[in-house]
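Here are my notebook entries for this one.

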Amino acid sequence: MARGRAGTAGRPGTTLLPGVPDLRAFPRKRWADMVRAATTELTWDELGYPDAARLPRLRRQLAAYLARGRGARVDPGQLVVCAGRLDAVMRLRRGLRAAGHTHVADEDPGWTQLHLTVAAAGLTPVAIPVDEDGLRVDLLHQATAARAVIVAPAHQFPTGVVLAPARRAELADWAREVDGPVMEDDYDAEFRYDRHPVGALQGVAPDHVALLGSLSKTLSPAVRLGWIAAPERWTAASPRGTPEAPRRPSSTRTPSPASSPPARTTATCGPPACATNAAATTSCANSRPGCPDRPSAGRPPDSTCSCP
Ligand SMILES: Cc1ncc(COP(=O)(O)O)c(C=O)c1O
């Protein structure tokens with residue numbers, strides 16, 4: 001992973017922190033050339049306030065990329081450009097609530113920020129355990145209050161497992177049955193070293209999947225460019241022009257309802273472990289705004305940041 005500044009020697013070596021791409025691979029020159037070209041070509045209208053049909057050229061490109069690279073079935077008109085996964089969840093919340101959703105199932109263990117954002121969106125997260133085949137889809141049927149789920153089928157975080165083919169089919173069936181969305185966190189889906197790429201679940205059940213992706217791992221998280229590919233019934237209620245996240249969600253946990261599976265497992269790691277052992281911190285939350293979601297190389301342990 002990259003450290004240091006471009007144009008200087010920087011500090012050699014890798015940190016292998018989860019969730020941080022190799023920033024040295026960012027195509028600075030190509031990116032700068034593209035930005036220059038795009039800025040030159042922008043119409044005056046495109047410099048105004050973006051409307052509901054914002055960024056049609058970008059959406060066409062994204063739809064083509066998602067079809068080519070992820071096997072997704074996306075109409076450019078259905079794409080919402082956003083600032084990343086957390087922003088995507090905040091944008092979907094209105095559509096979900098309008099469709100009567102009050103609970104959202106999520107993976108346990110999973111990405112804590114996603115869990116907290118669901119709660120901050122006014123929806124009650126329901127923890128569903130993950131095993132070596134990915135999300136325990138069978139338990140979704142028991143979590144009767146949840147008719148929506150957030151899952152990372154291509155690369156579960158933090159376990160790294162891929163949702164097994166039988167579970168993918170079962171998940172798509174469940175979504176059709178409850179008529180709810182699977183919010184597919186397409187996390188790390190582009191990277192495959194030891195196995196064949198897995199296509200997006202969205203390509204199998206486009207009417208019941210909201211595909212959530214971003215450039216955060218393939219280019220850089222600083223770009224803050226993400227997308228939602230979902231049926232309009234879940235996106236129409238969201239404003240398209242203004243990012244709704246990231247906002248640091250409250251760290252308050254909402255208890256799971258009685259009908260849900262066993263309580264969420266929480267990693268027990270204190271601040272020093274958070275700063276030194278990335279693996280141990282993958283499901284750590286922070287107790288106050290300003291605490292890092294993940295340990296940052298070179299950052300001294302912050303004793304006021306805690307993990308549950
Ligand atoms: C499980 C998971 N999904 C998605 C992301 C990327 O989120 P974003 O698109 O908001 O950058 C991360 C970031 O580390 C993550 O851990």
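How many bridges join strand β2 to strand β3? I found six between β2 (residues 103-108) and β3 (residues 124-131), and the two strands run parallel. Before going on, I noted that this is a predicted model: local features need pLDDT of at least 70 and side-chain atom pairs count only at pLDDT 80 or more, while totals for chains, interfaces and linings use all residues. Residues are numbered from 1 along each chain as its sequence is written.

**Sheet.** My element names follow DSSP runs, numbered from the N terminus: helices are H or I with at least four residues, strands are E with at least two. I count two strands as paired if DSSP finds at least two bridges between them. On that basis I traced an open sheet of eight strands with mixed pairing, in the order β1-β8-β7-β6-β5-β2-β3-β4. Its edge strands are β1 (79-82) and β4 (134-135), each pairing on one side only.

For contact I used C-beta atoms, placed from the backbone, within 7 Å. Axes are lines fitted to C-alpha atoms, for helices over the stretch in contact, and angles run from 0 to 180 degrees between N-to-C directions. Helix α4 packs on the sheet and touches β2, β3, β5 (146-151) and β6 (182-185). The direction of α4 makes about 170 degrees with that of β2.

**Helix pair.** Next I looked at α3 (residues 85-98) and α4 (residues 112-120), whose axes come within 10 Å and cross at roughly 20 degrees. Therefore α3 and α4 are roughly parallel to each other (angles under 35 degrees count as such). In their contact, Arg85, Leu86, Val89 and Met90 of α3 meet Gln113, Leu114, Thr117 and Val118 of α4. These residues divide into five nonpolar, two polar and one charged. Here Ala, Val, Leu, Ile, Met, Phe, Trp, Tyr, Cys and Pro count as nonpolar, Asp, Glu, Lys and Arg as charged, and the others, Gly among them, as polar.

**Ligand.** I found 13 residues around the ligand, the closest being Gly19, Gly84, Phe157, Ser214 and Ser216 (near means a C-beta atom, placed from the backbone, within 6 Å). The shell divides into six nonpolar, five polar and two charged.

Most residues other than glycine have a negative phi, and most peptide bonds are trans. I flagged the cis bond from Phe157 to Pro158, with omega near 10 degrees; Pro158 sits in the loop between β5 and α6 (165-178). Another cis bond joins Asp108 and Pro109, with omega about 5 degrees. Asp188 has a positive phi of about 55 degrees although it is not a glycine.

How values were computed: Parallel < 35°, antiparallel > 145°, perpendicular 65-115°, else oblique. Contact = placed C-beta atoms within 7 Å.
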